[in-house]
Amino acid sequence: MRRTKGSRLRLGLLVTAVVGIVVFGLANTGHIIDVLAAWPPQLDLFWIGVAMILVLLGNVARAVRTKTVLDQARPGKLRYHLDALAVGVLFNILLPFRAGEIARAGVLSRRLRISLLYTATAIAIERLLDVAVVAGALLVFGTVSGLSFDVLGAAVPMLVLVIAVIVAFVLFVRENRVLMRLVFALTGLLADGPRARLRMSSWSLIHGYQALLRSPSQVIRYIVAFVLSWSGYLLAVYIILERVFTTAAVRPVGAGVFAPFVFPETLFGLPFLSDYTVELGLHLTAVGALTDPIWVLSLAFVIWTVLNLPTAIYGVVRLFSRSFFGRVDDDASAGTIARLDRSQRKDHELSSFVDSFLRRDDLAMVMHKLEMTSDLEVLRFFKGGSDAVTALVRDDGETRVRKVVPERYREKLAQQYRWLQKHSETPSMVRALSEADGPGYYFFDIEFDPRMATMFRYVHTAPADASRRALLHVWNVMFDHVYDLRPEERHPEALATYVRDRLTDRLGQAAARHEQLAAVLDCDTVVIRGREYPNLHRLLADITADERAWSDLETYRESTAIHGDLTIDNLLIDQESGRVLIIDPSDDNQVRGPVLDFARHFQSLWGGYEFLNESDQRPEVRIDRAAGRAEIDFESYRSAGYQELSEWTEALAAERLTPSELRSLPFHVGLLYGRMLSHRVVIDPDTALVYFARSVQFLDQFHAQYDAAALAADSRPAEKP
């Protein structure tokens with residue numbers, strides 16, 4: 001039978017516990033016997049019991065501390081945190097270097113199904129605060145009792161280090177620019193999987209602790225639990241010093257502050273710690289706190305037993321229980337997951353958002369701020385190739401899709417909102433709900449229908465005739481309800497502006513940010529998947545100089561309204577009813593006509609646009625500067641489903657477009673891939689050259705049509721790359 005992750009972790013902990021108990025017993029039994037042999041007094045067992053109860057109550061408060069932080073990621077029962085704490089105490093006894101905290105973090109991460117980094121950081125911060133308390137107490141009590149600086153010296157750098165780490169963490173949570181970019185740079189050295197997980201967890205840390213700090217009730221709860229936990233521990237130590245020993249050998253309470261932290265290390269026989277213990281005992285005897293140095297070990301043994309043993313025994317019992325992981329695994333898949341529980345998700349859209357956030361890109365910072373400062377809950381992010389962030393959100397209890405841009409892109413997105421409002425009565429058009437401005441950003445909301453699936457998925461799962469019917473409906477809507485076509489004529493100025501603004505200028509912007517793209521653009525030719533092409537600047541020059549090609553591009557039917565981004569990605573469908581929904585218009589192009597909407601369609605069907613968006617495969621690139629030649633190799637991202645559907649759509653385009661518009665299609669597809677480069681080099685620079693290669697292929701395909709033999713043979717576009 002295949003073991004679950006929980007059962008494997010439980011088995012590992014059990015084996016470690018059994019081996020640790022055996023090793024601990026063999027290594028330390030002699031030390032314990034020596035301590036007990038030198039034990040002169042009797043103990044008051046009643047007060048030992050009281051002290052143990054106080055410690056257990058303190059542990060409950062400690063579990064509440066951890067729960068308060070981790071509930072920001074995923075709420076869990078207090079019992080889960082108590083179990084993990086007990087296991088941690090057990091392994092702190094059995095293993096050196098506080099390794100029990102690692103076991104505790106692993107148990108909580110598995111039981112709650114949240115990021116290990118998040119749980120480990122919560123526990124680390126908790127322990128750092130504890131170290132600050134211990135070091136501070138040692139300094140205070142040691143100074144009052146006249147403890148020498150040789151003994152106190154270790155507490156000073158420890159306290160300084162702890163404070164420095166906590167300050168750095170606070171700065172990170174407050175989105176310090178330097179620390180965020182440092183995390184981004186360091187994680188960038190890792191492989192894709194670990195890099196994505198660590199960045200996601202880093203964002204979760206910021207998100208979770210900001211949510212905690214913005215909630216006064218949660219902060220108060222944490223502070224109260226912190227005070228109660230230490231009150232329980234210190235009161236237990238006080239009772240041991242004042243009530244448990246039936247002798248007056250121990251007087252100042254300060255002796256108990258450091259004793260519990262000496263004894264466990266002394267048991268392991270570390271020489272420098274043993275010397276430290278002797279020095280401490282001699283000092284306390286000299287100042288009259290103890291009647292004999294042996295009392296340091298005697299006190300420490302009792303205090304250590306009270307602070308650790310009952311909790312460790314509970315940990316052993318729970319660890320050997322079959323329900324320790326099994327029942328929790330069942331519970332973990334049910335219930336409501338808090339908004340922060342994203343650290344183990346692998347969707348590409350969320351990873352891209354997190355990358356943008358750690359780079360402190362405007363949009364990501366705006367979206368994060370919106371979620372942190374309002375009742376907004378981001379449920380998921382949608383991929384996209386624009387300057388907007390698109391997310392499914394829950395705002396005031398209503399689920400909707402929200403598109404957000406920085407203020408400098410406001411007009412472009414507002415134009416989309418106005419377009420949707422104008423076409424609100426158009427069949428199959430998504431409905432815009434509302435718009436709003438905020439400090440430094442603009443957004444609008446559109447309706448969300450959970451029954452809708454992507455057309456991309458539908459095309460690859462439904463029968464081909466069903467996909468054709470859906471796309472035919474889309475084009476009927478566009479021609480019957482959106483386009484107001486004018487007679488075909490030449491538009492030289494619009495075309496020149498379009499090519500300059502949307503291709504030439506954007507190539508320059510992209511090359512300025514992508515060194516490898518700039519190097520490829522400097523070459524005369526580029527070999528793409530084994531075939532050599534003139535480079536993009538040569539293709540553009542040839543196309544511009546070809547009177548027939550440029551005349552076809554200038555000649556088209558104009559419409560005052562087009563969709564402008566009619567890719568397969570911007571179509572949704574109800575798979576049960578077949579109802580289609582058209583989303584995300586982008587009617588801001590200088591070339592305005594059905595030729596551009598068909599080009600967007602073929603951007604998907606010919607170029608495999610949706611496959612490119614989903615892929616993170618880096619192309620193989622080789623540049624021979626001396627020969628002026630670059631090579632780009634990548635896998636083809638065009639499915640058989642797209643191939644079949646593109647042939648049908650080509651026939652439809654031949655019916656709906658004029659011959660010059662039809663011949664222009666490959667050029668516009670190539671331009672659309674090229675215009676995306678200025679955005680791709682920012683959001684995913686590793687795959688940008690694939691989009692460049694697609695642009696070259698389609699521009700070359702367009703120009704190849706103007707061979708006299710090809711024009712005489714067929715007016716349809718040539719074979720697709």
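I take helices to be DSSP runs of H or I with at least four residues and strands to be DSSP runs of E with at least two, numbered from the N terminus. By this rule V244 lies in helix α10, residues 216-244.

**Basis of the entries**

I am reading a predicted model, in which local features need pLDDT of at least 70 and side-chain atom pairs count only at pLDDT 80 or more, while totals for chains, interfaces and linings use all residues. Residues are numbered from 1 along each chain as its sequence is written, and side-chain values use heavy atoms, with hydrogens and water left out.

**Entry 1**

Buried means under 20% relative accessible area, exposed over 50%, and partly exposed in between, with a 1.4 Å probe and protein chains only. V244 has 0% relative accessibility and therefore counts as buried. I also noted that V244 and G49 are 195 residues apart in sequence, with 9.7 Å from C-alpha to C-alpha.

I then turned to R663, which lies in helix α28 (residues 659-675). R663 is buried, with a relative accessible area of 16%. R663 and Y706 are 43 residues apart along the chain, and their C-alpha atoms are separated by 9.3 Å.

**Entry 1: helices α8 and α9**

For angles, I used axes that are lines fitted to C-alpha atoms, for helices over the stretch in contact; angles run from 0 to 180 degrees between N-to-C directions. Helix α8 (residues 177-187) packs with helix α9 (residues 192-213) at about 160°, and their axes are 9 Å apart. Angles under 35 degrees count as roughly parallel, over 145 as roughly antiparallel, 65 to 115 as roughly perpendicular, and the rest as oblique. Helices α8 and α9 are therefore roughly antiparallel to each other.

Which residues of α8 meet α9? I found M180, V183, F184 and T187 in α8, meeting R195, L198, R199, S202 and I206 in α9; contact means heavy atoms within 4.5 Å. By class, this contact of α8 with α9 has five nonpolar, two polar and two charged residues. Here Ala, Val, Leu, Ile, Met, Phe, Trp, Tyr, Cys and Pro count as nonpolar, Asp, Glu, Lys and Arg as charged, and the others, Gly among them, as polar.

**Entry 2: helices α21 and α24**

I recorded that the axes of helix α21 (residues 492-513) and helix α24 (residues 547-554) come within 9 Å and cross at roughly 100°. That makes α21 roughly perpendicular to α24. P492, L495 and V499 of α21 make the contact with W550, L553 and E554 of α24. I counted by class five nonpolar, no polar and one charged residues in the contact of α21 with α24.

Two strands pair if DSSP finds at least two bridges between them. I followed an open sheet of three strands in the order β6-β11-β12, with antiparallel pairing. Its edge strands, β6 (452-454) and β12 (580-582), each pair on one side only. Three bridges join β6 to strand β11 (residues 571-574), and T454 stands opposite L572 in β11.

**Entry 3: strand β14**

I found that strand β14 (residues 629-633) has a covered face, A630 and I632, and an uncovered one, R629, E631 and D633. Strand β8 (residues 525-528) pairs with β14 in the parallel sense over four bridges, and T525 stands opposite R629. Strand β13 (residues 620-624) runs antiparallel to β14, joined by five bridges; E620 has D633 as its bridge partner in β14. The hairpin of β13 and β14 has four residues between the strands, and G628 in the turn has a positive phi of about 65°.
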